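User: I would like to learn how to read a domain interface. Please take me through it step by step.

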Amino acid sequence: MSSPPASPTLTVDLGALGRNYDELKRRTGGTSAVAPVVKANAYGLGMHAIARTLYREKGARLFFTATCREALALLVDGQRFFDDAPPRVYVLNGFDGDRALQEKVGYLPILSDWQDVGDWVAGGGGPCGISVDIGMNRLGMSFQDAGGLPQDTRLNPDDVQLIMMHLSHSGDPTAPENELQAEKFFTSGMMLARLYPKAQFSLSNSGGILLGLAPEQQIVRAGYALYGGAPNGLPGQGLDQVTTFEASVLQVRDIGSGESVGYNGTWRAERPTRLAVLGAGYADGIQRALSNRGAVWLGGGLCPIRGAVSMDLVTVDITDAPSPVTRGDKAEIWGAQIDLDLVARQAGTIGYDLLTGVGSRVERIYRLAPQAPRPPAGSGGQ
Ligand SMILES: *Cc1c(COP(=O)(O)O)cnc(C)c1O
């Protein structure tokens, strides 16, 4: 008996998310607040469901987004689930200039050069973060510029609530840059702390947390590891897999030796072959780079992808599948059987790219965390 095929789904295990939050907190020695990074729709998992779970179940009161629009979406739509105080939201990419909206909603931009800060002060100033570059050469001002802001821009030192730095090599545990940058964070932080008495300090993203760098920082910024990925490629770090990406079998078909599969016939059968056509393609997040590479988990085994991934469909080889496959069966693209980071390597990219690439038409299904007593507000964030 076959069941009708369903649309592709991304199942998000909110219990696993909570366990990862606890594990990352433990990795900081329990002394740093773990601030969820929920940019890009929480890496595709769904910003509201993720923020709501971490706010309510884990007491997170501090979040990071990339853009002001994301902060707005979190703070305005999130009002439904903020039981008490709204969380503090920092915007990594700085201020978009819409002062009226910023004042209404109350997020804090992270300012990355003295011009940003000058504009901010000219618009009325107020609580903000600043980012200081320690080797990434992306956003972030020099240490000297950071020290000169009160004179150069007339920034009120008490308005600086956060001093953020960012590791350039945290995905590579063997890179000497990690220790060097942690050292820079410490020494420049000591000096800036005197100038900006209200500032909290933050260095680490997921990779930095797992490396145990800079235990003195008050805030760590956790994205990928929270969502079940291994930022440094090392498996078994005490983190649980959070997402399962699945697509249904729309059709099973047999082809003869010598027949080809898909656009431009990029794969040709060398034996009689049984194929399953899955109802998801590159528009859903099965990257086109996986054409004729990689595999899905179906029929109790790995089934290789054959031919080009198309927009809405992908074809897999089930000839050797251990158990029979029928229409409506679910194939796992990644999840418990196939590791997200492995799929990423096969696609020549990183798992961050896969998660954020899950298409908007893919239904997100949330598996709820078992009910636990709520921690007091602010125990995980602030
Ligand atoms: C995205 C981002 C993070 C989160 O990184 P993960 O590796 O996903 O934990 C932290 N800090 C900055 C500046 C970021 O851009």
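User: How much area is buried between domain 1 and domain 2, and what part of it do carbon and sulfur atoms give?

Analyst: Buried area is the accessible area (1.4 Å probe) that two parts lose on being put together, summed over both. Here the area is about 830 Å², and carbon and sulfur atoms give 62% of it. On the domain 1 side, Tyr43, Leu45 and Tyr224 lose the most area to domain 2, together 62% of what that side buries. This is a predicted model: local features need pLDDT of at least 70, side-chain atom pairs count only at pLDDT 80 or more, and totals for chains, interfaces and linings use all residues. Residues are numbered from 1 along each chain as its sequence is written, and side-chain values use heavy atoms, with hydrogens and water left out.

User: Where do the two domains lie in the chain?

Analyst: Domain bounds come from an automatic or database domain assignment. It gives domain 1 as 31-227 and domain 2 as 243-367. Their C-alpha centres lie 38 Å apart. The contact (heavy atoms within 4.5 Å) takes 8 residues from domain 1 and 9 residues from domain 2.

User: How many salt bridges are counted between domain 1 and domain 2?

Analyst: A salt bridge needs a side-chain nitrogen of Lys or Arg within 4 Å of a carboxyl oxygen of Asp or Glu. The count between domain 1 and domain 2 is 0.
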